[in-house]
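Thanks for coming, everyone. Please look at the screen while I walk through one chain, from the whole fold down to single residues.

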Amino acid sequence: MLQTPIDVGTTACPVRRPLIDGLCRPVSYLRVSVTDRCDFRCTYCMADRVQFLPRKHLLTLEELDRLCSAFIALGVTKLRVTGGEPLVRRDVMGFFRSMSRHLDSGALRELTLTTNGSQLARHAAELAACGVRRVNVSLDTLDAGRFAGLTRRGQLAPVMEGIAAARSAGLRVKINTVALRGLTEGELFPLVDWCTAEGHDLTFIELMPMGEDGAESRIGQFLPLSEMRARLADRFTLEPLAETTGGPARYVRLAETGQKIGFITPLSHSFCESCNRVRLSCTGELYTCLGQEGSSDLRSVVRNTAGNDALEAAIRSAILRKPRGHDFDYSRGQPRGVMARGMNHTGG
Ligand code: SAM
Ligand code: SF4
């Protein structure tokens, strides 16, 4: 039975003990995948002929609201909406509108999303009106032909329009680029120069062995970010920044231009010891580690219980069992720690 959404911050539901895992890491960041569907088929993310889940398996908007509100009541202050492609879910703006009440109450500090940008042009203004201040846009190349090849069915032009619309709506844009051997070496300076000119932050991400379609064969595409850093250092003076966002990225500033560049290196340098995040899949499984199979089924808790006590207990119990870290490893010529689960299901 569905519940009335929790009004976080009211006396009926005061924010209680924060979520702390079994290794004393506070958990304050929830990434929620609102759909496994996508209008692209990025080669490193999903198969061309991917089978999406039946819609009845997906969390409804009310269930998403109840779950996310429960996490916020337990001290989650940052919520990232992802997927699949979050903006292809028809009712997704209703979810942003309902989550914005937690920004208004002060319980939530940040509501944001990760998107491929294809639908951003028509949603950017409403996202800003819902209190979204920043968006992450995934973009691996500025070349229209290579973009079409890599995304299999995406087009670069609408993505660029989406990014422009986001900026016009007052949103900050961070570009996320997955580093791929044979591609990103040539994209590095065009992307850096473009982000510098446009005022976007830029973060590179190491390829992870996820998704049953070809995770094994992707080993040849793995490009350690140490190589990208070395290439950057040929042209720029890199000033390491002490700042972290509490997340996995490590930053440098290019002294000559001031451009900030992030590096997310799950393979070559693990960052699990400070991990503050958990992921809710589009079917309501809570993954407390992106790189481990274990999950807790929160959908059945939501569908089978009325009060919030059982839900809170299930969340706390899952968080207590958060694993120490992932086992992704490409260093021995064989991918290890491979996850059959696709990034689109868990939410990248
Ligand atoms: N569709 C949205 C997008 O592309 O931004 C959100 C979901 S996507 C799964 C989230 C992020 O995961 C993207 O930045 C994407 O590049 C990244 N990603 C997908 N598969 C990956 C992999 N195998 N290794 C590293 N990053 C991956
Ligand atoms: Fe879709 Fe994002 Fe996966 Fe690309 S990375 S296929 S845009 S979910």
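Of the 348 residues of this chain, 55% count as buried. Buried means under 20% relative accessible area, exposed means over 50%, and partly exposed lies in between, with a 1.4 Å probe and protein chains only.

Some ground rules. This is a predicted model, where local features need pLDDT of at least 70, side-chain atom pairs count only at pLDDT 80 or more, and totals for chains, interfaces and linings use all residues. Residues are numbered from 1 along each chain as its sequence is written, chains are lettered from A and ligands numbered from 1 in the order in which they are written, and side-chain values use heavy atoms, with hydrogens and water left out.

How many helices and strands does the chain have? The secondary structure comes to 10 helices and 12 strands. Both are DSSP runs numbered from the N terminus: helices are H or I with at least four residues, strands are E with at least two.

Now contacts, meaning heavy atoms within 4.5 Å. Take the contacts in the chain with a separation of 6 or more: residues 24 or more positions apart account for 73% of them.

Next, the sheet. The 12 strands form an open sheet, and the pairing is mixed. Read the order with me: β7-β8-β9-β6-β5-β4-β3-β2-β1-β10-β11-β12. β7 (238-241) and β12 (296-297) stand at the edges with a single partner strand each, so one side of each has no neighbour in the sheet. Two strands pair if DSSP finds at least two bridges between them. In general, strands of a sheet pair through backbone hydrogen bonds, either parallel or antiparallel.

Look at β1. Buried or exposed? β1 is mostly covered, with 5 of its 5 residues buried. Tyr-29, Arg-31 and Ser-33 point one way from β1, while Leu-30 and Val-32 point the other way. β1 pairs with β2 in the parallel sense over 5 bridges. There, Leu-30 has Leu-79 of β2 as its bridge partner. β1 also pairs with β10 (residues 277-280), again in the parallel sense, over 4 bridges. Tyr-29 has Arg-277 as its bridge partner in β10.

What packs here? Helix α1 packs on the sheet and touches β1, β2, β10 and β11 (285-287). The direction of α1 makes about 170 degrees with that of β1. For these angles, axes are lines fitted to C-alpha atoms, for helices over the stretch in contact, and the angles run from 0 to 180 degrees between N-to-C directions.

Stay with α1. Its 13 residues reach 18 Å from first C-alpha to last, close to the 18 Å expected at 1.5 Å a residue. That expected span is 1.5 Å times one less than the number of residues. In α1, 11 of the 13 residues are buried, so the helix is largely enclosed by the rest of the structure. Just after α1, Gly-75 takes a positive phi of about 110 degrees.

Zoom in on Leu-64, in helix α1. Leu-64 counts as buried because its relative accessibility is 1%. Leaving out residues up to four places away in sequence, Leu-64 touches Val-32, Val-34, Leu-59, Arg-89 and Phe-95. Leu-64 and Thr-283 are 219 residues apart along the chain, yet their C-alpha atoms are separated by 9.7 Å.

On to α2, residues 92-105. Its 14 residues should span 20 Å at 1.5 Å a residue, and its end C-alpha atoms are 21 Å apart, which agrees. Buried residues in α2 include Val-92, Phe-95 and Leu-103. What covers the buried residues of α2? The cover includes β1 (29-33), α1 (61-73), β2 (78-82), β3 (110-115) and α3 (120-129). Ser-100 lies in α2. Ser-100 counts as buried, because its relative accessibility is 13%. Just after α2, Gly-106 takes a positive phi of about 90 degrees.

Last stop, ligand 1. Which residues are closest? There are 16 residues around ligand 1, and the closest are Tyr-44, Gly-84, Thr-114, Ser-138 and Met-208. Near a molecule means that a heavy atom of the residue lies within 4 Å of it. A backbone N or O atom of Gly-84 lies 3.0 Å from a nitrogen atom of ligand 1. For Met-208, a backbone N or O atom lies 2.8 Å from a nitrogen atom of the ligand. A polar side-chain atom of Ser-138 lies 2.5 Å from an oxygen atom of ligand 1.

That's my tour. Questions, please.

Note on methods
Polar contact = N/O pair within 3.5 Å; in protein donor to acceptor, adjacent residues only side chain to side chain.
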